Amino acid sequence: MSDDRTTVGEMLAATVPMARTLDLRFLETTSERAVVSLPDQSDYHNHVGGPHAGAMFTLGESASGAIVLAAFGEQLARAVPLAVRAEIAYRKLAMGPVTATATLGRPPAEVVAELDEGRRPEFPVSIEIRREDGAVTGEMTVVWTLRPGG
């Protein structure tokens, strides 16, 4: 898959309606990192006026999905990417727009080699969620798999 952010963002928006619902913005999507922002929207605020925990989780999970599509898009004909498990830690109060940056925890070639061997590889994606002032408001890990059989 190309590293064109619009292509990956459009693919995610088309296949994952929640990304459209929250008006997520795909700022960068390469196999090295994905950056996705959540605009400040009162409809998705929590009781203290910041983004709801569920919206922040969706932002982080969407960033992880974007990097998975960018890194493994060429494998979609033979494998389905699926989130296996996720963990999130809310570190600081998030107010205003927030941005999630996702990075792969394993080299893509290593993951594809396992797939080539007929195995079902698992790999972590780490995500940091930041406010506009740069403070880390959340840290998240999503473990993904490529399930053979497209």
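One cavity of 30 Å³ or more turns up here. A cavity is a set of points on a 1 Å grid, over the protein atoms alone, where a 1.4 Å probe fits but cannot get out. This is a predicted model: local features need pLDDT of at least 70, side-chain atom pairs count only at pLDDT 80 or more, and totals for chains, interfaces and linings use all residues. Residues are numbered from 1 along each chain as its sequence is written, and side-chain values use heavy atoms, with hydrogens and water left out.

The largest cavity holds about 50 Å³. That volume is the space filled by probe spheres set on the points, which are joined across faces, edges and corners. Which residues line the largest cavity? Leu 38, Pro 39, Asp 40, Gln 41, Tyr 44, His 45, Pro 51 and Gly 96 do; lining means an atom within 4 Å of a point.

Now the sheet. Six strands form an open sheet, order 1-2-4-5-6-3, with antiparallel pairing. Strands are DSSP runs (E, at least two residues), as are helices (H or I, at least four), numbered from the N terminus. Pairing takes at least two DSSP bridges. Strand 1 (25-29) and strand 3 (79-90) are the edges; each has a single partner strand, so one side of each has no neighbour in the sheet.

Strand 5 (residues 122-131) and strand 6 (residues 136-148) pair over nine bridges, antiparallel. Arg 130 stands opposite Val 136 in strand 6.

Next, helix 4 (residues 108-116). Helix 4 packs on the sheet and touches strand 3, strand 4, strand 5 and strand 6. Contact means heavy atoms within 4.5 Å.

Conventions: On a 1 Å grid over the protein atoms alone, a cavity is a set of points where a 1.4 Å probe fits but cannot get out, and a pocket is an open set with protein on both sides within 12 Å along at least five of seven lines; lining residues have an atom within 4 Å of a point. Axes are lines fitted to C-alpha atoms, for helices over the stretch in contact, and angles run from 0 to 180 degrees between N-to-C directions.
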